[in-house]
Amino acid sequence: MPSQRFARPIFDNPFLKIKELPGDTVKRNSESLKQANSDPKGTSLVVTRDVDLDTTKNTLLRLYVPRRLTKVDKPKKLPLIMYYHGGGFVYFHANTFIFDVFCQALAERVGAMVISLEYRLAPENRLPAAYDDAIDGLEWLKFTKDEWVCNYADLSKVFLGGTSSGGNLAYNAGVDHDHEYCNPCANGGSKHLDDIKELGWRVFVSGASEDPLVDAARGCVRMLEEKGIKVFKFFRDGYHAMEVFDQSMAAALYDATKDYVYAASRT
């Protein structure tokens, strides 16, 4: 069957109107932000809380836990997803409305604890600042005694993921932040691909038919498979980052992510 044509969301695309300002910065329009909600008497399906990562860099982590876990004495620990928001490394935040809503649904629909990183943005903080922050987040996770992480997360089942540029962050944080940032296939791929294979890590790659980057995503899948790495592929009709712009189009991705997380957890 021919691909269905999708109407992309109508919004003021900041990536097409980047305006540089004096002082090595850009003009950013105001955006809708969401406060964390850890109210034990609340009715939301997911509770959230912000944790400082590095106050000198203004980085933090937003933690998401399905509320049902907080209501039992000895909850079953869940897989943990470390999530990196999109925005071309220039825009948006962990508490930006669309990404917060996405992470809440990801935690509830997949059945996982989610941690979303607030990383430094360019051009005020040029790359590799965001990659350094991604590594800082993983180091925090490795050594933290945070109550929610200790009580609700199974740290033997940790997954890295992100939307758009956040997917690039997840890839580089997982293998090497001193790396060719924009193209995972450059020079035959990361020097750490052999390590990924040896460790038995699995990689989840998603894409959409009308995403300008879909061919690159398929190329990445081919490269990984040629290296003997197990890849979970999820390609469908649609447009770039549609799961955060339109929640009605996110359900299939949540289901695919759940299948991937729990299939990997059983091995």
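**Exercise 1. Classify Val158 by its accessibility: buried, partly exposed or exposed?**

Step 1. Take the cut-offs: buried means under 20% relative accessible area, exposed over 50%, partly exposed in between (1.4 Å probe, protein chains only).
Step 2. Val158 has 33% relative accessibility, so Val158 counts as partly exposed.
Step 3. Helices (H or I, at least four residues) and strands (E, at least two) are DSSP runs, numbered from the N terminus.

The model is predicted: local features need pLDDT of at least 70, side-chain atom pairs count only at pLDDT 80 or more, and totals for chains, interfaces and linings use all residues. Residues are numbered from 1 along each chain as its sequence is written, and side-chain values use heavy atoms, with hydrogens and water left out.

**Exercise 2. Classify Val149 in the same way: buried or exposed?**

Step 1. Find Val149 in helix α3.
Step 2. Its relative accessibility is 2%, so Val149 counts as buried.
Step 3. List its contacts (heavy atoms within 4.5 Å). Not counting residues up to four places away in sequence, Val149 touches Leu63, Met113, Ile115, Trp140, Leu141, Thr144 and Leu155.
Step 4. Check one partner. Val149 and Leu63 are 86 residues apart in sequence, yet 8.7 Å apart in space, C-alpha to C-alpha.

**Exercise 3. Describe the largest nonpolar core. Which members touch the most others?**

Step 1. Define the core: buried Ala, Val, Leu, Ile, Met, Phe, Trp, Tyr and Cys residues joined through side-chain atoms within 4.5 Å.
Step 2. The largest core holds 29 residues. Leu63, Tyr84, Met113, Ile115, Trp140, Val149 and Leu169 touch the most other members.
Step 3. Trace the elements. Two or more residues each come from β3 (46-54), β4 (59-66), β5 (78-84), β6 (113-118), α2 (129-143), α3 (147-152) and α4 (165-175).
Step 4. Helix α2 gives the largest share, five residues.
Step 5. Apart from this core lies another, of 28 residues, including Val110 and Ala264.

**Exercise 4. Check helix α2. What span should its 15 residues have?**

Step 1. The expected span is 1.5 Å times one less than the number of residues.
Step 2. For α2 that gives 21 Å; the end C-alpha atoms are 21 Å apart, which agrees.
Step 3. Buried residues of α2 include Ala129, Tyr131, Gly137 and Trp140.
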